[in-house]
Amino acid sequence: MKNNHFAGRIACTMLAVFVLSTASIAQLTLREATDVDGDGKTDYTVFRPSNNAWYSLLSNGGFSIQTFGLANEDFVTPGDFDGDGKGDIAVWRDTTGVWYWLNSSNNTFNAITFGISGDEPVARDYDGDGKTDVAVVRRTNGNMIWYVYRSSDQGFTAFQFGLTTDFTAPGDYDGDGKFDFAVQRPGATPTSQAVFYAALSNGGVEIIPWGLSNDLVVPGDYDGDGKTDYAVVREGSTPDANLVWYIRRSSDGGFNAYSFGLTGSDLLVQGDYDGDGKTDIAVWRNTDGQFFVLNSSNLSLTVNQWGSPNDFPVASYDTH
């Protein structure tokens, strides 16, 4: 699978955790994208480029293996395309603009052409019907255009929002059950203030300064209020430097900061691994294939070995 800023930039051992401060449908849909068995918990899933296979360690027990997609041509784009509450295996092929996915409800194969080479896949539930919508972002003439194929009525949405140099950050920031078009805009220098812009589906534009230009965007509902929180991860200056997560809580406007992971070896794989309705901070270590999860329910650490070096952890699709 392709692994660039669309799918997540490499960033991971836990040395310490510092807490500096103490669901809507869309948030549920985001969790379901990586919940293979439908038990309300994110499952550990990796894609292996050497054999194009998806390996899932299921939170309700057992595992699954499915060959699907082509390494070096496809982007991993998991989602709940059939609305059954389980994550569907899905890819978008950059060379042809074709989406492929397997419905978990009946194991049927689907294909649809939507987008062109060079687009960025951003499949989410934009119409609030409980199903992931096929969608891409196109950078052209200095602007960012969002194209959505709505699952609710097979209609088409085109919306200009953002600049070519922005990073996508879709999420349900207003908690109305629909994903909003949103971007992170870098400042003039790597250490300048970054600003988030969200075109809220219930009307208006939200503008939130948060993080620095080089920070990685890690959307999620970390406080469990049904709204996406503005959240970033800051890499250190050396490979063994800690990653620092900065989360602005939508529930009260406060923030949390956590030191979790190492800069040179980990990919960011936030998800609801403990099933408490809140996004957990998590990383996958490329050197040994281990997942490290900071459970939001009790701040305990869970470590699971799943995958091998050079695999791609599917939950990293939502890092920008």
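**Aromatic pairs, strands and a pocket**

Let me start with one residue. Phe 63 has 56% relative accessibility, so Phe 63 counts as exposed. Here, exposed means over 50% relative accessible area, buried means under 20%, and partly exposed lies in between, with a 1.4 Å probe and protein chains only.

Now the ground rules. The model is predicted, so local features need pLDDT of at least 70 and side-chain atom pairs count only at pLDDT 80 or more, while totals for chains, interfaces and linings use all residues. Residues are numbered from 1 along each chain as its sequence is written, and side-chain values use heavy atoms, leaving out hydrogens and water.

Next, the sheet around Phe 63. Strands are DSSP runs of E, at least two residues each, and are numbered from the N terminus. Two strands pair if DSSP finds at least two bridges between them. β2 (residues 53–57) runs antiparallel to β3, and 5 bridges join them. Within that pairing, Tyr 55 has Ile 65 of β3 as its bridge partner.

Tyr 55 also has a charge above its ring. The charged end of Arg 48 sits over that ring, 4.4 Å from the centre. The test: NZ of Lys or CZ of Arg within 6 Å of the ring centre and within 35 degrees of the ring normal.

On to the aromatics. Pairs are rings of Phe, Tyr and Trp (its six-membered ring) with centres within 6.5 Å; planes under 30 degrees apart are stacked, over 60 edge-to-face, the rest tilted. How many aromatic pairs does the structure hold? There are 21. Take Phe 63 and Trp 306: the ring centres are 6.4 Å apart and the planes are at 55 degrees, so this pair is tilted. Phe 63 is in β3, while Trp 306 is in the loop between β23 (301–305) and β24, so the pair ties together parts 243 residues apart in sequence. Is Trp 306 buried or exposed? Its relative accessibility is 17%, so Trp 306 counts as buried.

Compare Phe 75 and Trp 92. Their centres lie 5.9 Å apart, with planes at 25 degrees, so the pair is stacked. Phe 75 belongs to β4 (residues 74–76) and Trp 92 to β5 (residues 90–93), so the parts tied together are 17 residues apart in sequence. Phe 75 is buried, at 3%. Trp 92 is buried too, at 0%.

There is also a cluster. Tyr 126, Trp 146, Phe 159, Phe 161, Phe 179 and Phe 181 form one aromatic group.

Another charge over a ring: Arg 185 lies over the face of Tyr 197, 4.4 Å from the ring centre.

Now a hairpin. β14 (residues 193–199) and β15 (residues 205–212) run antiparallel, joined by 6 bridges. Ala 198 faces Glu 206 of β15. With 5 residues between the strands, the hairpin has Gly 203 at a positive phi near 115 degrees.

Last, the largest pocket. A pocket is an open set of points on a 1 Å grid over the protein atoms alone, where a 1.4 Å probe fits, with protein on both sides within 12 Å along at least five of seven lines; lining residues have an atom within 4 Å of a point. The lining has 20 residues, with Val 36, Ser 64, Gly 87, Ile 89 and Ser 104 nearest the centre. Which strand gives the largest share of the lining? That is β3, with 3 residues.

Note on methods: Helices (H or I, at least four residues) and strands (E, at least two) are DSSP runs, numbered from the N terminus.
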